[in-house]
Amino acid sequence: MQALYRVALLPGDGIGPEVIAEAVKVLKAVESANGVTFRFQTGLIGGSAVDATATPLPAETVAICNNSQAILLGAVGGPKWDSVRPEVRPEQGLLQIRKRLGLYVNLRPVKVLDSLANYSAIKPVYVKGTDLIIVRELLGGIYFGNPRGIFSKNGERMGVNTEVYREHEIERVAHRAFQLARMRRRKVTSVDKANVLETSRLWREVVTRIGRSYPDVELQHLYVDNCAMQLIDRPTRFDVILTSNMFGDILSDEAAMVAGSIGFLPSASLGEHSALYEPIHGSAPDIAGRNKANPTAAILSAALMMRYSFRMESAAEAVEKAVEKVLKRGAHTAEIAGRGRPTSTSKMGDLIATEVAKILKSKNSKKK
Ligand code: NAD
């Protein structure tokens, strides 16, 4: 019987729908080459959901997600919704879905392919060979802690946010990082600010304790400021970077510059029972609707979905290989400095989908 995978598509705002359309194109190429079926259901999230339903995460979208094995999301937000009430801001849709589905770990691989080294903001000699993965805690820390808000006291307003980490939140994400390291180069760098923050001191203590159960994995602790510096200076030294919600958010955008463009980096957010895949970039309102966005991160997110949710390792590898081949041939979207005319979003999707079909066809004929 033909395998059937239920996928929720949440294109979102700005360039979200454009890049998700290209990821779907690539999944369809896998479908016809491998004889599997992806059953897509599309839902609203973010600003487009606010416009249609006055909420960034409508109940119907939650139902679609609950009825799917995996979720593929574009991006949310944009200046149009900057002045709406905080509780209905588009970004709340994303924070809420992560929380509802218990997606407590975010994986952000950063691999500098040889063909990409020249696109990096850093000299190729420093970035060549970079192959790291950021394991970011996703449900705790300062993005969720209470009290929060803007309050008035003694005639002056003050903004308050609170960083909270409970032991079990650190334990579960640390286990994921060590397990992942075992499948890679067996090195975990835990990043915190233990010289200043109590939450970081607890983080360091708990990660050290969990690390004792993985004696075959080397553990190192680094302050976040030092990590930020070393990511630029010597990105190849890192294997698995384990860190908190906010530090991971910031470090992964920095790591994107090592890879050349934020448009190359996918992510996977995993819980015990659900998984959401999305590019790390935002809705890029400055280029939305102009067929200029780089769809690679969304396409590579679909590859992660096949790897982690559907155990389709061979198809995931085919997509990654196809991206590499297309880039090697010189195709690139407008945000990447390079020679020649830039390739449009839709053309880039076509090129990668065609290459995926070719790679899978050749794999299948070798099997026969
Ligand atoms: P952004 O990632 O949208 O854009 C930053 C810069 O990178 C822009 O110059 C943009 O044109 C460029 N860029 C981003 N993705 C690209 C792609 N695929 N191809 C080519 N260029 C790309 O970040 P921002 O400008 O800080 O935020 C814009 C909006 O997106 C805000 O409303 C923000 O809240 C939201 N946002 C959403 C997410 C998400 O949905 N996960 C993440 C970050 C930001």
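Guide: Start with residue classes: Ala, Val, Leu, Ile, Met, Phe, Trp, Tyr, Cys and Pro count as nonpolar, Asp, Glu, Lys and Arg as charged, and the others as polar. The model is a predicted one. In the lining of its largest cavity, four residues are nonpolar, three polar and two charged.

Visitor: Which residues line the largest cavity?

Guide: The lining consists of E163, Y165, V191, D192, T199, S200, W203, S244 and F247. Two elements, β8 (187-192) and α7 (198-211), each give two or more residues to this lining. The most comes from α7, with three residues.

Visitor: What makes this space a cavity and not a pocket?

Guide: A cavity is a set of points where a 1.4 Å probe fits but cannot get out, whereas a pocket is an open set. By volume, the count comes to one cavity of 30 Å³ or more. The largest cavity has a volume of about 40 Å³.

Visitor: Why is α6 called oblique to α7?

Guide: Helix α6 (residues 167-182) packs against α7 at an angle of about 45 degrees, and their axes are 9 Å apart. Angles under 35 degrees count as roughly parallel, and 65 to 115 as roughly perpendicular. The angle of about 45 degrees therefore makes α6 oblique to α7. Their crossing is right-handed.

Visitor: How do you know that α6 and α7 meet, and which residues are involved?

Guide: Contact means heavy atoms within 4.5 Å. From α6 come E167, I170, E171, V173, A174, H175 and F178, which meet L202, W203, V206, V207, R209, I210 and G211 of α7. Sorted by class, this contact has nine nonpolar, two polar and three charged residues. W203 of α7 is in this contact, and W203 is also among the residues that line the largest cavity.

Visitor: What angle do α1 and α10 make, and why is that pair given its label?

Guide: Helix α1 (residues 16-34) and helix α10 (residues 296-308) pack at about 45 degrees, with axes 8 Å apart. That value makes α1 oblique to α10, because oblique covers the angles left over from the parallel, antiparallel and perpendicular ranges. The crossing of α1 past α10 is right-handed.

Visitor: Which classes of residue make up the contact of α1 with α10?

Guide: In α1, the residues V19, E22, A23, V26, L27 and V30 meet A298, I299, A302, M305 and M306 in α10. This contact of α1 with α10 has ten nonpolar residues, no polar ones and one charged. Glu counts as charged, so E22 in α1 is the charged residue there.

Conventions: Residues numbered from 1 in each chain as written. Predicted model: local features only at pLDDT ≥ 70, side-chain atom pairs only at ≥ 80, totals over all residues. Heavy atoms only, no water. Axes fitted to C-alpha atoms, helices over the stretch in contact; angles between N-to-C directions. Helix = DSSP H or I, 4+ residues; strand = E, 2+ residues; numbered from the N terminus. Parallel < 35°, antiparallel > 145°, perpendicular 65-115°, else oblique. Left-handed = near helix turned anticlockwise from the far one by under 90°. 1 Å grid on protein atoms, 1.4 Å probe; cavity = no way out; pocket = protein on both sides within 12 Å on 5 of 7 lines; lining within 4 Å. Points joined across faces, edges and corners; volume = space filled by probe spheres on them.
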